[in-house]
Amino acid sequence: MTAQLPPHSAPDAAFSPTSAEICDFRALDPARDGSYLIIMAIRPIITAPDPLLKQVSAPVKAVTDETRALMDDMLETMYDAPGIGLAAIQVGVPQRILVIDLQQPSNGDGDGDGDGDGDGGIDGINDERDDAEPVRNPQYFINPEIIKSSDDVATYQEGCLSVPEFFEDVDRPATCTVKYLDYDGNEQVQDMDGLMATCIQHEMDHLNGILFVDHLSRLKRNMILKKLKKQKALNAA
Ligand code: NI
């Protein structure tokens, strides 16, 4: 999911080694004290229309170092884009894994209550937050399941790294409770509201092959997909 973050939130010049460099590092020093060197890589993001994005992702059987390496890459890819949420299928891995970091500012209201103040500027209103530094607070969700959601809905203008440059209002349950495995494979249950609730529902849709444009009218969806297809053809030319 993307939000129109304030300009100063552009990612730092992140260490992004080429795949050749990663191979070198791993060959030189595959393990130190039994722990692998943490080297994150930015992976290409798949954009619509693409059949991969319609695929239903499979549950993760065991949370391993490989799972964590994938999540580290996903986070780096998300920060680089920049976005606030990313599903593994968006980097071509059909596993039920998400990373989210709303990157809310230190002195914004930061409460994610959807009042338009602390919502990451997703609605284009950055008002009092212009001087605020976004704070990184990455969260990892493996095999997430919504175990409860509210009847009342919240509307956010959503964007998606796989549907670049389009933003549309989507209605979703305003609050939800999510059960998942964390970075270490421990089971967690979290109540969510505001932007966080919207973001995790958007990302969980990806695990079932659903994009935010699938929540729009067919007319609007087809218009967006047509433009994306045209853009792809132009880029490939
Ligand atoms: Ni998305």
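Figure 1. Residues 24 or more positions apart account for 71% of the contacts in the protein with a separation of 6 or more. Two residues are in contact if their C-beta atoms, placed from the backbone, lie within 7 Å. The model is predicted: local features need pLDDT of at least 70, side-chain atom pairs count only at pLDDT 80 or more, and totals for chains, interfaces and linings use all residues. Residue numbers start from 1 along each chain as its sequence is written. The protein has four helices and seven strands. Helices (H or I, at least four residues) and strands (E, at least two) are DSSP runs, numbered from the N terminus. Along the sequence, the pattern reads α-α-β-β-β-β-β-β-β-α-α. Of the 237 residues, 35% count as buried. A residue is buried if 20 or more other C-beta atoms lie within 10 Å of its own, exposed if 12 or fewer, and partly exposed in between; the C-beta atoms are placed from the backbone.

**Figure 2. The five-stranded open sheet.** The strand order is β1-β2-β3-β6-β7, with antiparallel pairing. β1 (85-87) and β7 (187-192) stand at the edges, each with a single partner strand, so one side of each has no neighbour in the sheet. Neighbouring strands are turned by 40° against each other on average, direction ignored. Axes are lines fitted to C-alpha atoms, for helices over the stretch in contact, and angles run from 0 to 180 degrees between N-to-C directions.

**Figure 3. Pairing of β2 with β3.** Strand β2 (residues 97-100) and strand β3 (residues 139-149) run antiparallel to each other, paired over four bridges. Strands pair if DSSP finds at least two bridges between them. L98 has F141 of β3 as its bridge partner.

**Figure 4. Helices packed on the sheet.** Helix α2 (residues 65-80) packs on the sheet and touches β1, β2 and β3. The direction of α2 makes about 40° with that of β2. Helix α3 also packs on the sheet, touching β1, β2, β3, β6 (176-181) and β7. The direction of α3 makes about 20° with that of β1.

**Figure 5. The largest nonpolar core.** This core has 44 residues. A nonpolar core is a set of buried Ala, Val, Leu, Ile, Met, Phe, Trp, Tyr and Cys residues joined through C-beta atoms within 7 Å. V99, I100, V163, C199 and I200 have the most contacts inside the core. Helix α3 (residues 194-207) gives the most to it, with seven residues. Leaving aside neighbours within four places in sequence, I100 is in contact with I84, G85, Q139, F141, C199, I200 and E203.

**Figure 6. Two cis peptide bonds.** A48 and P49 are joined by a cis peptide bond, with omega about -5°. P49 lies in the loop between α1 (19-28) and α2. A cis peptide bond also joins A81 and P82, where omega is about -5°. P82 sits in the loop between α2 and β1.

Figure 7. Q103 is not a glycine, yet has a positive phi of about 50°. Q103 is found in the loop between β2 and β3. Q103 counts as buried because 22 C-beta neighbours lie inside 10 Å. N143, also not a glycine, has a positive phi of about 50°. N143 lies in strand β3. With 20 other C-beta atoms within 10 Å, N143 is buried.
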